[in-house]
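User: I'd like to learn how to read some features of a protein model, one at a time. Could you walk me through them?

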Amino acid sequence: MNSLLRFFEKGKAAFLGLPTPQKILYTGALLVFLGSLAFLIVNSNKTEYATLYAGLSQEDTGQVVEKLKAQKIPYQLEGNNRVSIPKDLVYETRLSLATEGLPKGAGMGFEIFDQQKLGSTEFVQKVNYQRALQGELARTINQIDAVAESRVHLVLPQESLFKEDEQPPSASVVLKLKSGTRLGPQQVQGIVNLVAGAVQGLQEDRITILSTDGQIIFKKSPSESSFGMSDQQIEYKKNLEEDLRRKVQTMLEQLLGANRVITRVSLNLDFNRTQVAEDTYDPDSAVVRSQQRSTENSQGKELGPGGNPDVPVNVESKLLQNSPQEDGRNPALKGFNRQRETVNYEINRVTRQITYTPGSIKRISVAVMVDGPYEMKENGEGKVGPVFVGRSPEEMKTLEDLVKKAAGYDEARGDQITVSNVPFAVDYTGQDLGMPENRWIKMVKENQRILLNLLLMILIFFFVVRPFMRKFQQLGKEPESLPDSVPALPVGQDAGAAEMLEPPEMKPLTLRQQAQALVQNDPERAAQILRSWLQEEV
């Protein structure tokens, strides 16, 4: 304890003996150090807050805050109605609020019927039902990731006794999207189907969806086909073209390198819904379906013409006239034999009904531009630089075949594939073509911020912290003062004798040299020693 007190006393005395600029410097450095230490201690012990709910409506935010106050839970309110509480209480608080039905979401749902009043009229019941339906639809729509808030407005006409007097229901949906997000065609169509399926008798052409900035997201007229709106067709075409372009682009970049291929794709799509019904008969595949044969014999009666002449009959008759009998008589008798045969054939028949769905590809057009290769040659100005030499026809043919395979080329469909080898408008001067970037340089570029911070910390340590610590250690050491009594040297004795009075390992310099160095390096310290000697003599 005494040594520690003596250390502080010596440090105080040394500090008071410093010049004023050094006092200010050391004091400022000490304050900065203490402030940084206090900042780290406060931050390490500060309560960490986490988001409990975000993007709530004003009503839900107020109810959640009231519950937090009742439970004496600390909270913070931020922008976008964000409520934050201590991190270790987030999940427990969410469960506690969920048991009480919070947050309720946008509008009032079917829980409105939990608070029925005695004597409610039919009109009030209908209005409450409409409010509940609107609130439930808004809550469901809010579950979509890109939707921050929504409002649903329904028009439910009263039922009429006459069919011609009935009016169809309609719906309007207002969406507030999250920053930087947008709804895709499938998500918009999903919202339309949700609203149409939740309201009895509601058709898609009676639904309107728009955003809070007034942009119409969905509006379908009755004359449009069931496939969807024209903007949906455009979006479908763009997505299909981009997917095909990416297939060709990534394949060629793996072969030729990045930034050396440009691919553009154009698709001609058929959005008409077509139904084709056809019957095909094959006369060569006739099959006997039924066959009927009859034979008739007659003799001794002369038959005249008779029967239906339109009936196909195979008749084989034999008239016996003036034929003698075995007994020699010739009675002039007449007879015939008749045979009838009817055959029905069945011809092979094929019936097909073909339905062509909208969005089928009618024609594909792909244009590909390939860069390089280059060679380092001397140009007309006498400078060495990259010169475009082009690719061989065999290589271009191979690239074209690859593009055709990747794009699904169909010559019968009229597809067009063009692959061109042209120099790109890129300045390659000063670049090492074909040589990969050095991995150390790449690592420095990727981590330049971390390396800069590390360099600053090293500089602060060597030029600020280290000198300060070295000076502080010097202040804590015993002040090296000259001995209280110096033996007088005989007259004429040189400084060599004085040097022998002290051990050479402890005092490598002579007393005169030490005194000169002390006066030159630290005049104030030398003056302080002289003052102490004078005070001792007095």
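User: Which helix gives the largest share of the nonpolar patch?

Analyst: A helix here is a DSSP run of H or I with at least four residues, a strand is a run of E with at least two, and both are numbered from the N terminus. The largest share, six residues, comes from helix α10, residues 448-476. The model is predicted, so local features need pLDDT of at least 70, side-chain atom pairs count only at pLDDT 80 or more, and totals for chains, interfaces and linings use all residues. Residues are numbered from 1 along each chain as its sequence is written, and side-chain values use heavy atoms, with hydrogens and water left out.

User: Which residues make the nonpolar surface patch?

Analyst: Patches are built from residues with over 30% relative accessible area and no salt bridge; nonpolar side chains (Val, Leu, Ile, Met, Phe, Trp, Tyr) are joined within 5 Å, like charges within 9 Å. Areas come from the Shrake-Rupley method with a 1.4 Å probe, and for residues only the protein chains shown count as cover. In this model Val444, Leu451, Leu454, Met457, Ile458, Phe461 and Phe462 make a patch of about 650 Å².

User: Is leucine 451 buried or exposed, or in between?

Analyst: Buried means under 20% relative accessible area, exposed means over 50%, and partly exposed is in between (1.4 Å probe, protein chains only). Leucine 451, which lies in helix α10, has a value of 39% and is therefore partly exposed.

User: How many aromatic pairs does a search of the whole structure find?

Analyst: A pair of aromatic rings is described by the distance of the centres and the angle of the planes. Rings of Phe, Tyr and Trp (its six-membered ring) pair if their centres lie within 6.5 Å; planes under 30 degrees apart are stacked, over 60 edge-to-face, and the rest tilted. The search finds two pairs. Tyrosine 236 is partly exposed at 35% relative accessibility, whereas phenylalanine 271 is buried at 19%.

User: And what are the distance and angle for tyrosine 374 and phenylalanine 388?

Analyst: Their centres are 5.8 Å apart with 70° between the planes, again an edge-to-face pair. Tyrosine 374 belongs to strand β12 (374-378) and phenylalanine 388 to strand β13 (384-388), so the pair ties together parts 14 residues apart in sequence. Tyrosine 374 is buried at 18%, while phenylalanine 388 is partly exposed at 28%.

User: Which residue lies over the face of tyrosine 409?

Analyst: A charge sits over a ring if NZ of Lys or CZ of Arg is within 6 Å of the ring centre and within 35 degrees of the ring normal. Here lysine 404 lies over that face, 4.8 Å from the ring centre.

User: Now for charges: how many salt bridges are there?

Analyst: The rule asks for a side-chain nitrogen of Lys or Arg within 4 Å of a carboxyl oxygen of Asp or Glu. The count comes to 14 salt bridges. One of them joins lysine 87 and glutamate 48, at 3.8 Å from N to O. Lysine 87 is in the loop between β3 (82-86) and α4 (90-99), and glutamate 48 in the loop between α2 (20-45) and β1 (49-53), so the pair ties together parts 39 residues apart in sequence. Lysine 87 is partly exposed at 48% and glutamate 48 is exposed at 52%.

User: Where do lysine 247 and aspartate 243 lie?

Analyst: Both are in helix α7, four residues apart, about one turn of the helix. Lysine 247 is partly exposed at 47%, and aspartate 243 is partly exposed at 34%.

User: What does serine 170 touch?

Analyst: Contact means heavy atoms within 4.5 Å. Leaving out residues up to four places away in sequence, serine 170 touches His153, Leu154, Val155, Leu202 and Arg206. Serine 170 is placed in strand β5 (170-177) and is buried, with a relative accessible area of 17%.
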